[in-house]
Amino acid sequence: MKILIFGAGNLLLSDEGFGVHVVRYLEQHYTFPECVELFDAGTMGILATHKIEEADWVYIVDVVAVDGEPGAVLRYGKDDFMLNRVPVKLSPHQAGVQEMLLVSEMRGRCPAEIYLLGVIPVSTAPGSELSPLVEKRLAEVADALVVELRARTGLSLPVR
Amino acid sequence: MATRTITLDPVTRIEGHLRIDAEVDNNQVTKAWSSAQMWRGLEIILKGKQPQDAWVLAQRICGVCTTVHAIASIRSVEHALKAAVPMNAHYIRNMIMAQHSLQDHIVHFYHLSALDWVDVLSALKADPKKTAQIAQSISDWPGNSETEFKAVKDKLTSFAAGGKLGIFSSGYWGHPAMKLSPEVDLMAVSHYLSALDYQRKAAQVMAILGGKNPHIQNLVVGGVATAINVDNLATLNMERLAFVRTLMEETQAFVQQVYYPDLLAIAGSYKEWFKYGAGVTNYLAVPEFPEDSASTKFSLPGGIITRGDLQNVRPVAGHSDAYLIDNIQESVAHAWYGGNASLHPWKGETKPDYTDFKPDGKYSWCKAPRLAGQPVQVGPLAQMLACYAAGNGRVKTLVDGANAKLGIGMGDYHSTMGRHLTRGMRACVMADLSLEQLDKLTANIASGDQTYANPVEIPNGEFRGVGFHEAPRGTLSHWMVFKDKKIENYQAVVPTTWNASPRDEQGAMGPYEAALVGNPVAEPDKPLELLRTLHSFDPCIACAVHAVDPAGKEITRVKAV
């Protein structure tokens, strides 16, 4: 059983880097066993397909640009991707995560469970810091993810 | 017939956000505008930072080309301080660069551009047995079996029945410009699926050699921080290097037996695309893969080609070539930046001044780089032409072979298909050179050389440097000015800035724009032909924003006026 936490985003564009910041926060605050991999994916798109295929459960953390309250966190599951119900093409980069997952499914290697945790950004202006509101979500999303993983897997994931 | 304007916004299957406007008359493009729709803030973020740390941030400029920006950035500091790099460090960097190129070219061909030529739905009609016969006639790849092709066809059929193929919505299935047989379509779709395994092997090599992928960790000014100890298990040892060799050989086999034969088959079926898409035929490539410590000798030569003339190529002597360094300027006459002056990158300014899209005024976030005042095309085509003109044996063999097989001549390379063909050749060269560099590294270690870096302290005072790199998409340069250990100015002139450039103050079009003029457009509502020419450049407008499409927005807006 392998769990992948896939932090996507561009660190140079403030809230755009949310996913990467979450991965770094988790690294700093918790201890993970080998079966949980924290992956700083940057903005790789389809080049990261193999990372996803190697895991059984995947949590993608990213920003989503949908209508709604900035700072809100949305959650999507595998069916949402496969049936094209994620209301964003996750990224304008390359082919997008939906095509990537569909290709994995065709190869018979799509993970059993895959989730997208997406925050609606306040700002994607050039800068290496998160906006105050999204900064607040960072710990909330990361801590909630740890609570969920503990409950579902029985792993202890101790605080550092 | 009335003139129609087609707007593609954004162009899909590329990195980043590109808008193209094209005027079409009698099913032919008469004018075109290329507009980068994103603003890159890297130059501003780097001001005031320490020069030796810039590469860490610079590789976040783009999600795919992380490595290339790291290399160009570190080279700019080494150039400024005239720092020599030990051979072990060169070999390790060279392998990382070559493997990154392979990953990029494989993904570009299969995942970002093949569907411009391959009709996925047509593959549903293919006979797997005939497909296997065709595939086996062009290659002895073990995966080309009837069983394999049947499995892919069955999978496609079940996905189509479940309505799941709609996800490839940017594909133009059934378009009259699609002309492969169903069998060749099935072969290509099958290889599209397996190609992912080989781009991964290249990524694994980068992770082993660079400490991490994406975002390598092992660079230092004056070398690499990689610890190599042939006997120590915790470092890059002989066992890891043997694994690297296996991965490189597997990727080489895929390129030689799958990618390149598929490319030749597709090129042979679409030979008319050797007649379209030339555009700007001035080319630039810098030499790459340093073979000596002072970076004066290289595995592959560079060159400056003017108006397609391969007889009178101006050599680029090295990464300190004075003519090249002195003659690059960036124009902002049609770009959303303040002022109208053309500036040398060391004096470059980044002052955003957005005005809306004005075809006769400013219309892009991309500046217009010019070499001695002329627009220039960069990329594998430029590099392979420069190598061919310089008599490089490896490239000459590939070019002569392709010319004989396809019945084409050197004039046909200035085209949409010429760009695809030379990218495939470049992949073959990169696969071979990767292994050659590994042999050289192991031989050098065996000879007792244990140096991986010449540590360099950044001194007080003012310095300027440029780091060139012949990257997968073409010539990349990072220009840095630093004073008393702080960056004063930073400018990245990336391959796509050359190719996606807007017009300059003379009104001369950039390579994308010029290449689109004269392209056929069979159905203006489905401008597949424009995508073919654009994708042939491997566009990468990344360098910026990552999540932009609001809910419900069409992926490609086609506007007919």
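Axes here are lines fitted to C-alpha atoms, for helices over the stretch in contact, and angles run from 0 to 180 degrees between N-to-C directions. Helices are DSSP runs (H or I, at least four residues), numbered from the N terminus. The model is predicted: local features need pLDDT of at least 70, side-chain atom pairs count only at pLDDT 80 or more, and totals for chains, interfaces and linings use all residues. Residues are numbered from 1 along each chain as its sequence is written.

Entry 1, a helix pair. I looked up α6(B), residues 146–161, against α7(B), residues 182–210. They pack at about 85°, axes 10 Å apart. The pair is therefore roughly perpendicular (65 to 115 degrees). I listed the contacts (heavy atoms within 4.5 Å). Glu148(B), Phe149(B), Val152(B), Lys153(B) and Leu156(B) of α6(B) meet residues of α7(B) including Leu186(B), Met187(B) and His191(B).

I checked α3(B), residues 66–81. Its 16 residues reach 24 Å from first C-alpha to last, close to the 22 Å expected at 1.5 Å a residue (1.5 Å times one less than the number of residues). In α3(B), 15 of the 16 residues are buried (under 20% relative accessible area, 1.4 Å probe, protein chains only). Just after α3(B), Lys82(B) has a positive phi of about 50°.

I took a nonpolar core as buried Ala, Val, Leu, Ile, Met, Phe, Trp, Tyr and Cys residues joined through side-chain atoms within 4.5 Å. The largest has 145 residues, and Phe6(A), Tyr413(B) and Leu421(B) touch the most other members. Apart from it lies another core of 27 residues, among them Trp57(A) and Val146(A).

Note on methods: Chains lettered and ligands numbered in written order. Heavy atoms only, no water. Helix = DSSP H or I, 4+ residues; strand = E, 2+ residues; numbered from the N terminus. Buried < 20%, exposed > 50% of the residue type's maximum accessible area, 1.4 Å probe, protein only. Parallel < 35°, antiparallel > 145°, perpendicular 65-115°, else oblique.
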